[in-house]
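Hi there,

Here is the structure I promised to pass on to you.

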Amino acid sequence: MNKLGWHVNTWTEQAKQHVEKYPGHSLKVLNTAINLSAIARFREQRPSGLIVYRQYYPDENLTSWSARCDELLRDLAPLRHLVDIVETPWNESHQKGADMSRYNDVSVLAARRLHTEGLKVATGNWSVGCPANLNDWFRFHEALAEADYHSLHEYWLGNQPITSEFNGAYRAYRHRLVW
């Protein structure tokens, strides 16, 4: 299996050409990048590939989890038949201390809600190197157990060892440090 995946924020012509030309197993699209024909083409070319949907929000408010799930489901409707996994509707925030505990609580609620709609759910969506304090991971265990997948932003340079300055283990493989 090729583990290469694409993350598309906008379907430019270049993005369409790359997704079409280069093999990959997964495609992550934001609600800002809905191009049904390009997504359907990816599915046609890779029937066993994964398509992940993420709903972009300009803020990271944790108080409106139900409304966010409703909006996510509305926006997902036209491509739901193509999508395998949805991410909980927060990204890159709430990654330490009591704030992370609150994030855990709403992520559990969101995952349960999305599961009732028959969806597979990814949660976490943490930025590179976060949560910075490994001791904070316990605050998110319930959400990780409720979800089907753990979503992380990970970046590395393939031509450098994992121990290189850019590829440090916490940047690219931090999940291995806590499991």
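Predicted model: local features only at pLDDT ≥ 70, side-chain atom pairs only at ≥ 80, totals over all residues.

Start with the strands. S2 and S3 run parallel and are joined by five bridges; in one of these pairings, Leu-30 has Arg-54 in S3 as its bridge partner. S3 is mostly covered, with four of its five residues buried.

Now turn to the helix. Which residues of H2 (residues 36–45) are buried? They are Ala-38, Ile-39, Phe-42 and Arg-43. These four lie on the same side of H2, because they cover an arc of only 140° around the axis. Ser-37 and Glu-44, on the other side of H2, are exposed. What do the buried residues of H2 pack against? Their neighbours are helix H1 (13–21), strand S2 (26–30) and strand S3 (50–54).

S3 also has a partner in strand S4 (residues 85–87): the two run parallel, with two bridges between them. Here Val-52 has Ile-85 in S4 as its bridge partner. To get from S3 to S4, the chain passes through helix H3 (residues 65–76), and this β-α-β crossover is right-handed.

Stepping back, the protein has seven helices and six strands, in the order β-α-β-α-β-α-β-α-β-α-β-α-α along the sequence. Of its 179 residues, 42% count as buried. The protein exposes about 9,400 Å², and carbon and sulfur atoms supply 52% of that area.

Happy exploring!

Terms used:
Residues numbered from 1 in each chain as written. Heavy atoms only, no water. Buried < 20%, exposed > 50% of the residue type's maximum accessible area, 1.4 Å probe, protein only. Areas by Shrake-Rupley, 256 points an atom, 1.4 Å probe, with all protein chains shown as cover. Arc of directions from axis to C-beta. Contact = heavy atoms within 4.5 Å. Pairing = 2+ DSSP bridges. Right-handed = clockwise from strand over helix to strand, strands pointing away.
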